[in-house]
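Reader: Let's go through this model together. Please start with the terms, then the fold.

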Amino acid sequence: EIFVDAGVTPDSFLHDIELYFENIQLGMADTSEEEATLLADFAAERLAETHEMVLEGNYEAAEIGVTETIDHLEELHDYVEGVDGTGITVDTLATQEDTSLDHLIELESDVISTIDAGVETITEEILAEIDAGTISEETAVDIGVNELRETTVEVERAIEEQKEEIIQEVATASGETTIAVETIVIEEEQEAGLSAIHENEVKEE
């Protein structure tokens with residue numbers, strides 16, 4: 001399934017309580033990696049809630065869901081830009097030890113397979129509603145899905161850029177060629193399912 005289980009949707013008075021406890025979880029995260037994983041999870045949940053609101057025709061609540069999803073993704077973007085290759089060597093990559101690069105690959109898989117796919121699904125559903133005359137183009141724009149798509153793309157681009165920087169750092173520090181390090185990273189991406197995801201994107205295009 002594209003969407004995770006939706007939490008309390010924005011049309012409920014309990015939604016703010018849910019967000020309150022999620023903020024506590026973020027504050028209690030032991031590491032920045034743990035916090036980033038939570039942000040990705042929360043973004044996916046907000047997106048699922050947005051989807052529920054679109055299906056119910058509650059577009060005001062859907063707009064709230066989109067805004068909250070964007071907020072999580074922007075925080076995730078800030079985390080990604082701060083990731084570096086400190087302490088990573090060819091050996092740590094080859095032995096499958098958890099590194100900041102491993103975490104970036106996991107995040108990329110989550111963002112592309114869940115959030116990116118969810119945004120496309122919601123976009124298609126809204127376009128169908130416009131064609132059916134259920135909502136106006138103005139209402140569709142107000143929901144903010146285009147901005148959400150742009151933010152998602154920015155996160156994906158930031159992850160790719162940081163991966164490339166780390167690969168260069170590791171290659172330089174280890175005296176290896178960039179291609180040698182990239183080969184190891186590609187193997188990790190394959191294990192995370194990223195290759196299959198990218199192949200599907202190419203087929204869809």
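Author: Helices (H or I, at least four residues) and strands (E, at least two) are DSSP runs, numbered from the N terminus. This is a predicted model, where local features need pLDDT of at least 70, side-chain atom pairs count only at pLDDT 80 or more, and totals for chains, interfaces and linings use all residues. Residues are numbered from 1 along each chain as its sequence is written, and side-chain values use heavy atoms, with hydrogens and water left out.

Reader: How many helices and strands does the protein have?

Author: Nine helices and zero strands. The C-alpha atoms fill a box of roughly 60 × 40 × 25 Å along the principal axes.

Reader: What span should α7 have, and what does it have?

Author: Its 30 residues should span 44 Å at 1.5 Å a residue, and the end C-alpha atoms are 43 Å apart, so the two agree. The expected span is 1.5 Å times one less than the number of residues. Helix α2, residues 32–56, reaches 36 Å from first to last C-alpha, close to the 36 Å expected.

Reader: What comes just after α2?

Author: Gly57, with a positive phi of about 80°. α7 is likewise followed by a glycine, Gly175, whose phi is positive, near 75°.

Reader: Packing next. At what angle do α7 and α8 cross?

Author: Roughly 130°, with the axes coming within 9 Å. That makes α7 oblique to α8, because angles under 35 degrees count as roughly parallel, over 145 as roughly antiparallel, 65 to 115 as roughly perpendicular and the rest as oblique. Axes are lines fitted to C-alpha atoms, for helices over the stretch in contact, and angles run from 0 to 180 degrees between N-to-C directions.

Reader: And α5 against α8?

Author: Those axes come within 10 Å and cross at roughly 40°. α5 is therefore oblique to α8.

Reader: Which helix gives the largest share of its lining?

Author: α5, with four residues. α5 (100–131), α6 (137–143) and α7 (145–174) each supply at least two. The lining includes Thr123, Ile126, Glu137 and Asn146.

Technical notes:
1 Å grid on protein atoms, 1.4 Å probe; cavity = no way out; pocket = protein on both sides within 12 Å on 5 of 7 lines; lining within 4 Å.
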